[in-house]
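Colleague: I would like to go through this model before I plan anything around it. Could you take my questions one at a time?

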Amino acid sequence: MPNAADRRGPGERQLSPEEAARFQGRVSELGDRLGRIKAQRDAEAHADLDAEMRGRGMAHGMRMAAEMVAAVMVGGGIGWGLDWWLGSKPWLFLLFFLLGFVAGVLNVMRGYERMQSEFMARTGGRIGHSVPDDED
Amino acid sequence: MAAANAGTQGTGMPDPIHQFEIHRLIPIKIFGWDASFTNASLFMLLAVLLIAGFYFVSMQARSLVPNRLQSLAEMSYEFVAKMLRESTGHGGMKYFPFVFTIFAFVLTANTLGLIPGFFTVTSHIIVTAALAAMVFITVLIVGFAKNGAKFLQLFVPQGVPIVILPLVVLIEIISFLSRPVSHSVRLFANMLAGHITLKVFGGFVVMLLGAGAYAVLAPLPLLMAIALTALELLVAFLQAYVFTMLTCMYLNDALHPGH
């Protein structure tokens with residue numbers, strides 16, 4: 001095969017069919033191993049991100065409760081103070097207590113919106129996959 | 001927390017609240033005001049000295065390739081700077097020293113409190129309330145100084161029908177006023193609850209050990225206490241992070257009230 005011999009560069013030699021088969025086998029094995037390592041690394045990175053987000057989720061959750069209670073307390077406090085000042089017991093207290101409740105819900109909603117956008121920005125909505133699900 | 005064993009009552013259960021008691025170490029009176037140097041003052045001073053000492057020592061080398069201490073110092077800088085830049089933009093970096101000081105103080109005070117026998121400054125609402133009030137007043141001053149009367153736009157959301165606007169403004173004002181409360185209560189409550197839980201589980205170990213055959217069960221609450229200590233370390237960091245994060249958010253409102 002003179003043509004094939006011409007295309008070979010210096011230092012290369014014709015592979016025997018067995019050698020070529022072994023080489024192909026090695027290449028595909030290497031490819032498989034690389035694929036496995038890559039998949040494992042991706043899964044690990046994902047689990048890390050999940051763990052981080054779980055920590056943050058915990059912090060956010062604790063925040064929400066405090067947010068709600070604080071607003072009700074402040075609302076009730078303002079109403080109580082105004083009642084005490086204007087002598088209109090108990091009406092302003094009741095009104096501001098309810099307004100405080102509304103403000104608390106507003107706080108929680110705003111907090112949730114922020115949390116949601118932060119999580120979406122970090123994870124693109126793919127979160128919690130490293131946690132085993134009962135349904136699966 | 002070890003010191004709290006002194007508070008053992010007749011029941012054999014160590015008093016979980018004892019660890020939060022304040023003692024006068026050096027009584028000082030100024031015009032009738034009690035300004036004594038207490039154990040709380042001592043641990044606040046310790047936290048400040050530790051922070052200042054750490055950054056002084058770690059930045060001594062100022063090498064281009066940082067050693068361990070220097071890289072820790074740089075990491076903490078990057079962490080807070082990123083948080084501040086993300087929530088307030090570049091204009092907010094002016095307030096970096098303030099925000100970083102708060103972060104360093106809260107984190108150091110939280111973690112110091114985890115060492116047995118140490119006093120947890122941040123488990124006292126007066127300390128966290130003072131920090132939150134500092135942030136609140138800063139936000140008010142910066143807000144009015146930067147935007148003038150425009151700062152009041154914060155209370156007037158856009159696109160609200162004029163009929164219910166007064167109600168909405170009232171709600172927004174209550175929401176705004178509730179910030180320093182939730183800001184301080186969260187940190188205080190987390191630290192208080194965590195330390196009480198740790199103490200109660202520690203107390204269970206002691207009680208079981210003193211209860212004859214039940215002593216074989218004593219390792220169970222001990223394991224729980226160990227797990228809780230790890231959790232508390234996480235909470236100590238998370239709460240410092242949340243406190244700083246909220247500070248950044250509130251500063252952002254002061255700088256850009258129109259959202």
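Predicted model: local features only at pLDDT ≥ 70, side-chain atom pairs only at ≥ 80, totals over all residues.

Colleague: Is Asn67(B) buried or exposed?

Modeller: A residue is buried if 20 or more other C-beta atoms lie within 10 Å of its own, exposed if 12 or fewer, and partly exposed in between, with C-beta atoms placed from the backbone. Asn67(B) has 11 C-beta neighbours inside 10 Å, so Asn67(B) counts as exposed.

Colleague: How far apart are the C-alpha atoms of Asn67(B) and Ile102(B)?

Modeller: Along the chain, 35 residues separate Asn67(B) from Ile102(B), and the distance between their C-alpha atoms is 25 Å.

Colleague: What does Leu50(B) count as, going by its C-beta neighbours?

Modeller: Leu50(B) belongs to helix α1 (residues 39-58) of chain B. Because Leu50(B) has 15 C-beta neighbours inside 10 Å, Leu50(B) counts as partly exposed.

Colleague: What share of the contacts in chain B with a separation of 6 or more joins residues 24 or more positions apart?

Modeller: Two residues are in contact if their C-beta atoms, placed from the backbone, lie within 7 Å. Chain B has 259 residues, of which 31% are buried. Of its contacts with a separation of 6 or more, the share from residues 24 or more positions apart is 62%.

Colleague: Which element of chain B has the highest mean pLDDT?

Modeller: pLDDT is the predictor's confidence in each residue, from 0 to 100. Chain B has a mean pLDDT of 88, with 94% of its residues at 70 or more. Over residues 1-10 of chain B the pLDDT is below 50, and this stretch has 18 contacts in the model beyond near neighbours in sequence. Among the elements of chain B, strand β3 (residues 33-34) has the lowest mean, 82, and the highest, 95, belongs to helix α3 (residues 96-112).

Colleague: How many residues of chain A are there, and what percentage is buried?

Modeller: Chain A has three helices and zero strands, in the pattern α-α-α. Its residues number 136, and the buried percentage is 15%.

Colleague: Which helix of chain B supplies the largest share of the side that touches chain A?

Modeller: The contact takes 16 residues from chain B and 19 residues from chain A. On the chain B side, α5 (165-209) and α6 (219-255) each supply at least two residues. The largest share, twelve residues, comes from α5(B).

Colleague: How does α2(A) lie relative to α5(B)?

Modeller: Axes are lines fitted to C-alpha atoms, for helices over the stretch in contact, and angles run from 0 to 180 degrees between N-to-C directions. The axes of helix α2 (residues 17-86) of chain A and α5(B) come within 7 Å and cross at roughly 130 degrees. Angles under 35 degrees count as roughly parallel, over 145 as roughly antiparallel, 65 to 115 as roughly perpendicular and the rest as oblique. Therefore α2(A) is oblique to α5(B).

Colleague: What classes do the residues in the contact of α2(A) with α5(B) fall into?

Modeller: Residues of the contact include Met62(A) and Ile78(A) from α2(A), and Ile174(B) and Asn190(B) from α5(B). Ala, Val, Leu, Ile, Met, Phe, Trp, Tyr, Cys and Pro count as nonpolar, Asp, Glu, Lys and Arg as charged, and the others, Gly among them, as polar. The contact of α2(A) with α5(B) divides into twelve nonpolar, five polar and three charged.

How values were computed
Residues numbered from 1 in each chain as written. Chains lettered and ligands numbered in written order. Helix = DSSP H or I, 4+ residues; strand = E, 2+ residues; numbered from the N terminus.
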